[in-house]
Amino acid sequence: MTSPLPPFDWDIFCTVVDNFGDIGVTWRLARQLKREGRIESRGHGTSGEATPPQAGDMQVRLWVDDLASFARICPGLDPARDGQWVDGIYVQHWHERLPADVVPANVVIEAFACELPAPFIERMAELSPPPCWVNLEYLSAESWVEDCHGLASPQQVGNKRLDKFFFFPGFTARTGGLLCEQGLITERDRWQQDEAGLAAYWASLDLPPQAEHEIRVSLFAYESEAIRSLVIDWQASPTPVTLLLPLGRAVPDVLRGLGREGEAVQPGDLLRAGSLAVKLLPMTDQAGYDRLLWSCDLNLVRGEDSFVRAQWAARPFLWHIYPQEEQAHMVKLDGFLDHYLADLPPETASWLRACNHALNQGEETRELWAQWPQYAARWRQHGRDWSQKLHRDGDLVTRLVKFLESRI
């Protein structure tokens with residue numbers, strides 16, 4: 001017999017886009033809200049009276065439309081089950097028919113404008129007081145998001161009005177900040193300072209400890225001719241390069257750069273050519289991916305989730321932003337780079353902007369990569385400085401809780 005579900009504090013709705021991007025963000029958000037998402041205010045009740053805070057973690061329900069893709073970054077998830085508890089989060093398969101007895105949570109998050117089911121919105125309107133309704137937008141560094149962050153959009157549901165609030169993650173104090181769990185920075189620093197632990201980590205991947213002048217690079221990106229170009233550059237590098245390559249969309253470009261186009265590869269394979277070694281990795285859970293980013297000298301990342309985690313890794317990184325029509329993504333890329341490069345010397349900033357553009361435009365990288373020795377140390381220090389700046393400004397969940405408390 002199935003146990004009845006508890007009242008939920010948070011509902012999060014997510015449609016899976018591009019396999020891992022949106023679900024990666026919302027899965028991290030769900031777990032952090034469980035631990036840190038307490039809002040000291042009223043909950044649902046027919047009289048509208050305050051609900052006293054309860055001891056223990058918050059109850060979070062995550063609605064996901066594609067459980068098979070989700071399971072690739074969440075090994076404990078069974079894609080065949082309609083509802084299940086995973087890491088203390090209730091994961092509900094989101095399909096056309098809602099469970100008959102579903103009651104919306106105190107806060108309902110519509111991740112990335114995924115559009116809540118109409119019957120669910122109707123049930124929200126029946127509650128007194130109604131849930132706080134938040135549209136969590138995509139991360140953007142464009143200046144206009146500061147003016148839109150926190151705005152309400154009135155929604156008419158029958159004879160009731162519900163306000164939907166827009167919440168924009170971002171890089172300034174006037175936005176929603178970035179996801180960062182309490183204790184993450186301390187855990188990262190401990191990891192990066194533990195030489196024996198790092199050697200054990202590399203051994204777990206069947207790799208020797210990192211040599212003194214060796215460069216280790218992680219690559220989780222979209223397709224790009226620049227990747228093929230980089231692989232060719234790394235083969236001719238005067239110092240050894242080890243590429244850590246999770247199976248994904250960039251693999252064919254790497255193989256073409258190695259002259260092994262179409263070759264079947266699998267996790268665990270180690271491919272060598274010139275100064276380059278390529279280690280094929282399986283998909284991992286999010287904690288495992290964080291450790292990979294913390295361990296490498298350079299991280300090539302894509303989308304939003306890996307992009308944010310690369311910044312918390314405090315290491316050099318290049319961002320392969322999700323391609324959009326009419327080069328709209330390049331405006332977003334440059335909006336971020338304007339923030340990220342602001343405190344760097346002009347020459348360094350110009351080189352880093354060119355590297356990001358080359359990756360996103362599929363350009364030749366030989367001359368740019370040749371300048372790595374000139375800029376690597378300064379870039380590495382900048383990665384740590386940037387991470388500290390972002391952390392001082394406050395994380396997304398802290399800002400979200402404060403935002404909601406001021407409006408309930």
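These are my notebook entries on a few places I looked up in this structure, which is a predicted model.

**Entry 1: helix H15**

I began with helix H15, which runs over residues 396–405. How many of its residues are buried? I found 7 of the 10, so I noted the helix as mostly covered. The buried ones are Leu396, Val397, Arg399, Leu400, Val401, Phe403 and Leu404. I was pleased to see an arginine, Arg399, in that list.

**Entry 2: aromatic pairs**

I then turned to the rings. A search of the whole structure gave me 34 aromatic pairs. One of them is Phe13 with Trp94: the ring centres are 5.1 Å apart and the planes meet at 85 degrees, so I wrote the pair down as edge-to-face. Where do the two partners sit in the chain? Phe13 is in strand E1, while Trp94 is in the loop between strand E4 (89–93) and E5, so the pair links distant parts of the chain, 81 residues apart. Both Phe13 and Trp94 are buried.

Trp85 and Tyr90 make another edge-to-face pair, with 5.1 Å from centre to centre and 70 degrees between the planes. Is each of these two buried or partly exposed? Trp85 has a relative accessible area of 43%, so I filed it as partly exposed. Tyr90 has a relative accessibility of 11%, and because buried means under 20%, I filed Tyr90 as buried.

I also came across a cluster joined by ring pairs. Its members are Phe171, Phe307, Phe317, Trp319, Phe336, Tyr340 and Trp386.

**Entry 3: charges over rings**

Arg216 has its charged end over the ring of Trp202, 4.5 Å from the ring centre. Arg302 lies over the face of Phe220, and there the distance to the ring centre is 4.3 Å.

**Entry 4: the second largest pocket**

Arg302 turned up again when I looked at the second largest pocket. This pocket holds about 930 Å³ of space, and 46 residues line it. Which of them lie nearest its centre? I noted Gly21, Arg302, Gly303, Glu304 and Asp305. Helices H1, H9 (286–295), H10 (305–312) and H11 (328–340) each supply at least two residues of the lining.

I stayed with Asp305 for a moment. Asp305 lies in helix H10, and its relative accessibility is 13%, so it counts as buried. Its side chain and that of Arg28 are joined by a polar contact of 2.8 Å. Leaving out residues up to four places away in sequence, Asp305 touches Gly21, Gly24, Val25, Arg28 and Gln286.

**Entry 5: Trp191**

My last stop was Trp191, in helix H5 (residues 184–192). What does Trp191 touch, if residues up to four places away in sequence are not counted? I listed Leu198, Tyr201, Arg291, Trp294 and Ser295. Trp191 and Trp294 are 103 residues apart along the chain, and their C-alpha atoms are separated by 7.5 Å.

Notes:
Residues numbered from 1 in each chain as written. Predicted model: local features only at pLDDT ≥ 70, side-chain atom pairs only at ≥ 80, totals over all residues. Heavy atoms only, no water. Buried < 20%, exposed > 50% of the residue type's maximum accessible area, 1.4 Å probe, protein only. Helix = DSSP H or I, 4+ residues; strand = E, 2+ residues; numbered from the N terminus. Phe/Tyr/Trp six-rings, centres within 6.5 Å; stacked < 30°, edge-to-face > 60°. Lys NZ or Arg CZ within 6 Å of the ring centre and 35° of its normal. 1 Å grid on protein atoms, 1.4 Å probe; cavity = no way out; pocket = protein on both sides within 12 Å on 5 of 7 lines; lining within 4 Å. Points joined across faces, edges and corners; volume = space filled by probe spheres on them. Polar contact = N/O pair within 3.5 Å; in protein donor to acceptor, adjacent residues only side chain to side chain. Contact = heavy atoms within 4.5 Å.
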